[in-house]
Each structure stands twice: as structure tokens, then as C-alpha cells.
Amino acid sequence: MTAPRFLRLLCLLLVFALVHHLSAESGQAAWLRYAPVENQPADVWLPHSIVLLDHSLVAQSAASELQRGLRGMLGREVPVTDVPRSEDAFVLVTVTEAQKYFPWLTPASMGGDGFWLKALRQRGRSQVLIIGANSRGVLYGTFALLRRIAQQQDLSHLDDREVPSAPIRWVDQWDNPDGSIERGYAGRSVFFNQGHVRTDLTRAAEYARLLASVGINGCNVNNVNAAPDVLSSSSLRELARIADAFRPWGVRLALSVSMASPQTIGHLSTFDPLDPQVAAWWRSKADEIYSLIPDFAGFTVKADSEGQLGPSHYGRSPADAANTLARALRPHGGIVLYRTFVYNHHLDWRDPKADRARAAYDIFHPLDGRFDSNVVLQIKHGPIDFQTREPVSPLLGALEHTSEAMEVQVTQEYTGQQRHLCFLVPMWKEVLDFDLHADRAGTPVKDLIAGKTFHRPLGGMVAVANVGLDPNWLGHPLAMANLYGFARLAWDPDLSAQQIAEEWTRLTFGNDPQVVRTITAMQLASWHIYESYTGPLGAGTMTDILGSHYGPGIESAERNGWGQWFRADHQGIGMDRTVATGTGYIGQYHRPVAAMYESLKTCPDNLLLFMHHVPYTEKLHSGQTVIQHIFDTHYQGAEDAAHLVQQWQTLKGRVDEERYAEVLKRLTYQAGHAIVWRDAICEWFQRTSGIADEKGRVGHHPGRIEAESMQLDGYTPVNVTPWETASGGKAVACNRTSGCSASFQFQGNAGRYALAAQYFDLNTGVAHFRLYLNGKLMDAWAADDTLPSSKMDGNTSTRHITGPLPLAPGDTIRIEGLPGGGDVAGLDDVEVYRE
Ligand code: GCV
């Protein structure tokens, strides 16, 4: 090795050591960290300049990104030139141009936004060609190359062609003009504040760069519950600035629009989509939009749903509405994504035939063939609403003449809101690979949405992402794997969940094999873990349906118009959706799938309660009864959640301190909250079914001392609602500004014990707790989180662990609670256990 090269390597190693061990990382760089890469096999021969033969804005971004990546990872400064040179260069070029310079190359057809990466090495000189089907392809190819370098892949025989599976690869943001985000869990909007587009759009541009790096080409920036004003001229002028920030990254702006806009902001007397004046209004609005945003992608529509006005107001169909918008956009190349999330939320729960799951198919299937070719139906992957487990929406397999895009949710509305680890790629993979037998065997969802089956013009995937201003975009540092994974699947649905998790981990945390192994394993296990303590056998996430969609709130799903019922009573549980005796939902699937679900013999256990109503004593294929399965999985799930903490702890010193601490905090919280979930569900089912846990765990908690049975000073016992979200249904609250205390005497054998205090952390203020052992202060903590409730319930119940401490019989443990703001320092119980 030559001396300069040796010195360079030494410097890199030093920098790497510093970065790796000392510097804190907020997570803002996400998977584009470009951290120094040791032992990059290609470092020796990678070219020393960049030749840019595509002068578009997007290709210029590609060139500067390549410079940035090579600088960060390999410590190289690589100049950019536009002088075609035949040797020693990265050549960034579109396929049409490439043929001019490399006539001997015969690129196979490169559809869509595809690219070809090709290394040419001869006589000690090398070229790396990044050939794009278009400028976006050049950019995507560049990011793909950088991804390979970051993962230390051997590039010496690089010859990769990739074509995205489908043209629509969008994210939706549910951001409101005031800067709040519906179902957003990571801070305020990167786009809006106080009724306006932000002046500083730095984070918006960074977001577009992140999206582009994984092939996303469209972003809808405003809530589908669209603010009426979004299409006003002044608002459009502001929105055009977001499109400007997106443009260098090939991300096109889309907007959610209200069907009532012609009336609300156009001041027409009607918004009837078949009224000629209304159609004219939409046409002139589209013209105005394109004069400001020439690359505008199109509209997303939520209509006749959850209070949003729609065509049904005038007896018109969704096709009438969608086509009116589509015809306004068509001259400009825009499209309409019309959401099929249309249902009646005032269903009669007493009607055994009523079924929300039927709605999308019932409404949209008869309209197949009536939509214009630039309309795409945006269909949620399941028939209800992003539950932890749902079957695949039958509508995805029912359309032959209408383009469709599948909607998934990166923001974890029903799956732990980024406070719980829940990597959703394995779930989406199951959906994508599910064979709906649409016109024959072998029509998996991934082919249907790519338009391959029935040859429809458009299609793809859309994710509700809801990133926010939090430095790491989604709150939980490990949650970004969902955004990454969604995009990778939208590009290539054949990637495996394992591949995606590993790739994301390498890019986000580096190539240390133990880190890669551990985080990949945690991610891959996490959906099943979450499912196992939050909702059994396809019954739905048993959360607070009417409020936060976060903590347990079992009965909130029942006996109301929202239709997320699981119909549990003392005899049995489950929605009868059979054709024979139930709502007939199962009949919406093609025969082989319908037959599988219709029969108890073949219905998979994990969807049993979605499809059938059964007694608690029904035997599953596993041989266990439904009720015992509920108990066992919830206990196992809580144990597995605790194991995630231990797995993470093995990475101390192997990932940067800041992200290590943040993840540890969240996993520890999750382990405590998993116990709240476990107990709520198990106790509720034990009481409702009247059948006891055969292992005797439910309702028996050795070592748990209820706060209401402690010696109280100032604290008063209260009933918690719903009852199952507090141990014994009761807790204590403090309404004395000077504080309260609850004490008990330890009765066990002498030894070292941990003490888990279960308290309620209300979002109305900050309470403080102190724990004393025989009068000596041992621990103090603040209830300062902003959990989604102002009440003592399953959303706010939180566990704090002290110790282990040496305890002897007769020792006094006293917890002091000091209320703050409206937080009454609620305490549920203390569990004393050997570690
Ligand atoms: C934007 C669910 C969510 C709503 C959301 C809706 C939708 O019902 O709870 O917040 O509204 O889905 O997808 O339109």
C-alpha cells in the first residue's frame, strides 16, 4: 500500500472510531448517514470523477448526492464535469443519451423510473455507468449505488437493472394547515404552521430527498379530511413552494381535495359533480394549479366518509365524482386517487347482517369499468382500518377495468403509535403475496396493484407516513424501518422482509454483524409480538376505538355505529361473516379463498374471529381452546416484549449513545405497557367468559400490592374506566397540592427485589413521584410524557421500575405523589419481584 493511501485509511479509521463511539445521532439522517465505511471492497478502483450527461435538475441532485455519499463514506472528493470521458468516471446519463456515447451498449428495455448500474473495468481504469430510464431513474440508480457502497457490497461485477414494480409510489401526509397532523406521532408538520405553508421548508426538502432515495415519486401533503381552503388561490401559491422544494428530488406534489370545494371556495350553489358549472370550476382550478405547479401529480379524494361530503349528497356515484376531477386534470397529465374508504359509521349494531367490512366492495365493485383511465382507486389493504391483523381487502381482487393502488399505514395508528416497536413489512408482505385468485390461481395482490393482471394502465402503493418535525421523523428510531420498508416494497414487492430489515439496519446503524443480526431479529419478531398482546385471532386491535386508538379499551369497539365489532358475550366471540349464516362478507372473495374462510375447518386461526362467531371453548387448529389461546398469547406477548429490552441492551457501546438511550427508553416503556394490555384483555375475557385461565395466572399477581389497599395519606381510591385498564379496576388519585403518599410493608423473604410502580401519566400536566425505603429516598421520576389521554386509563397507565433493592420483611416502602397541572399523580399498584 502506498504511504498516502495508508494515511488516508488511517484517517478514515480514526474518523470512524470517533463517529462510532462518541458522536450522538439524532436519527435525522435516517438511512442516508453516509458514515465512513471500512473495508469497502470497491474503494480501490472506484472512479475519481463524475460525468454528468443529463442536465436536468433531478440529475444534478444525483451528482451532488454522489459527491456527498463518496465524501462521507470513502473520504473522497470527486469532481463533477459534463465533459464525456471514456475512462475513470461515474457516468450519469439517461438511456436515450447513453446510446450516443456508448453505442455498443444494448440496454434492455428500462421501463418507468428504472435504472441500470454497470461497472466497466479495463486496463486499470474504471467506469461506473448509472443509466436511468429517465432523470428520476438516474437519481434512483445513484442512490442504489450509494446503498451498495454503504453495505460494503462487492461492486466489481456490478451489472444491476431495476425497474419499479408500479408507477404510483406515493406517501400521504395527513397534515393540517395549523401544523397538527391527524394520527401523527412525531411532532408537528414539516409543511404547515398556523394556517400557512412554513417559510422555512428545509425539512420538507430533506424529506423529499429521503423519499427519493428509496424511489418514492409522489407526496400528498395535506390531510384527506381536507381543509376547505386548500384550493384557494392564495393557498395554492403557498403550496407551490412545497412543490419547488420537492422538484430537485423528482417527488411530485399531490393534494387532498374536498368534493365540496366548488361550493365552499368557489361559491357555487352546488357541488354536484354532474353539474356543468361544477365541472367547469374544477377545470379552471386544475388550469390554475398547473400554471403554478407544472409537475403537479394529482388529487386524492376522501368523500362520503366519516363526515366528508361527497357525491352521494346529490345521488351521484363515486365514479361521477372521480371522473369530473379526472377530466379536469387529464389535459395536464394529472391523476385522481379516489379512496374506497367509504362506509356508514352509523351502522345498526343490533342488525346481525350489518357489516362495515363489506362496504368498499359493495360500493365500488358495481362501478368497475365506469372510471376514466386516469382514476385510480386507493384501497386500504384490509376491509376495516389498519388493524393489527385483517384479511386482504376483497376489493383488491374484484376490479378488472379499474386501476388500483393499495394504501398502507406507516404511521402506527393502531399498532402502537411508534411507542411500541412494530415492524409492519412482514404484514405487508403477507398481503402482497396473498393470492386472491382474481381470474385464476396465481394472482397475488402485488400483481394486481401493479396492473399486471387485467393490464390496467396505472397502479401502485401509497403509505400514510405522517412524519413530523421530531428530529428522527417518526419518533421511535426503529420506526423508520417502516417508511423505508414500504418504499422498498413499492419498488420491488419481491424483496423479503428479512432483506429489507437487514438493509435498513446496515444503513441506519452500520455493518457491525451483531448489530445487524440483533436489530433485524427484533424487527422481524415485533409485529407478532405486538399482535399477541393486543388482539387475538383477527378480532381487531382491542384498543380505545372511540378515542386515541392506542391503549386497551376493549368494549369501545362494541355496541356503536362504527362497526369495528367483535361481538363478544359470555358465550362466544367473533363476527359471523359467512355466507351461510352471517353477513355474507366472505362471498366477496373469489371461490377458493371464500371456501377457505367459509369453513371452520380451513379458516386460518389468525383470522378465525374476523370470519366466525365461535364459543370460547372452540378448538383451534393448534388444539388449544379460543379462551386459553387468548390467555397464553397475551402472557407470551408481554414476555417477548420484555425480551426486546434485553436484546437491545446487548448493543450498548455498539450503536451511538443517543439512539441507544432513546430506543432503550421506548422499549422499556413498551414492556410495561404490554403488561397493561395483557392484563386488560385477559381479565376482561376471564370475567366475560366465566372461564378461568387453566394456568391460574389471570387475576393472580403474586407480589402485586394494590395502591387502594396501601396505607394512604391524602390519596383517595377511585374507580378507573374502563375497569380492565387498572389492576383490580381501582387506583388512587391525589387532589392535594402539597402531595400524597401510599405506603406498605414488605412481607416476603429477605433478598434483592425490583419494584415496579404502575402509575398514570396524564397529558394535562406533570406529576412527580418519589420512592422511599424505610424513609430513605431511593428513586424519583416525573410523569411528564404526553400520552394520548387526560384520564387514568389504558392509554396513560405506565410502569416505572426501581432497583433491584435489598428488602427485608417489615421494610416500609412509601411512594409519594405530587400532582402537577391536571395530573393527579395516579397510582395503580406496586409489584415487588425478584429479578
Ligand atoms: C384521516 C381512520 C382514522 C382517521 C382517518 C381515516 C381515513 O378512521 O382514524 O383519522 O382520517 O381512517 O383513513 O380517512
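**Exercise 1.** How far apart do the C-alpha centres of domain 1 and domain 3 lie?

*Solution.* Keep in mind that we're working with a predicted model. Start with the division: domain 1 covers 6–162, domain 2 covers 168–495 and domain 3 covers 704–834. Now take the C-alpha centres of domain 1 and domain 3: they lie 56 Å apart.

**Exercise 2.** Work out what surrounds the ligand, and which side chains its oxygen atoms meet.

*Solution.* Begin with the shell: 14 residues surround the ligand, and the closest are Glu 182, Lys 302, Arg 339, Lys 380 and Glu 413. Sort that shell by class and you get eight charged, three polar and three nonpolar residues.

Next, look at the polar contacts, where the cut-off for a pair of N or O atoms is within 3.5 Å. The side chain of Lys 380 has an N or O atom 2.7 Å from a ligand oxygen. For Asp 385, that side-chain distance to a ligand oxygen is 3.1 Å, and for Asn 225 it is 3.3 Å. Finally, check the cover: the ligand taken alone exposes 340 Å², and the protein buries 96% of that.

**Exercise 3.** Why does the pair of Phe 509 and Trp 648 tie together parts that are apart in sequence?

*Solution.* The structure holds 29 aromatic pairs. In one of them, Phe 509 and Trp 648 sit edge-to-face, 6.1 Å centre to centre with 75° between the planes. Now place the partners: Phe 509 belongs to helix α14 (residues 497–509) and Trp 648 to helix α18 (residues 626–649), so the pair links parts that are 139 residues apart in sequence. Both Phe 509 and Trp 648 are buried.

Notes: Residues are numbered from 1 along each chain as its sequence is written. This is a predicted model: local features need pLDDT of at least 70, side-chain atom pairs count only at pLDDT 80 or more; totals for chains, interfaces and linings use all residues. Side-chain values use heavy atoms; hydrogens and water are left out. Domain bounds come from an automatic or database domain assignment. A residue is near a molecule or strand if one of its heavy atoms lies within 4 Å of it. A polar contact is a pair of N or O atoms within 3.5 Å; within protein, one must be able to donate a hydrogen and the other to accept it, and residues adjacent in sequence count only if both atoms are side-chain atoms. Accessible areas come from the Shrake-Rupley method with a 1.4 Å probe; for residues, only the protein chains shown count as cover. Ala, Val, Leu, Ile, Met, Phe, Trp, Tyr, Cys and Pro count as nonpolar, Asp, Glu, Lys and Arg as charged, and the others, Gly among them, as polar. Rings of Phe, Tyr and Trp (its six-membered ring) pair if their centres lie within 6.5 Å; planes under 30 degrees apart count as stacked, over 60 as edge-to-face and the rest as tilted. Helices (H or I, at least four residues) and strands (E, at least two) are DSSP runs, numbered from the N terminus. Buried means under 20% relative accessible area, exposed over 50%, partly exposed in between (1.4 Å probe, protein chains only).
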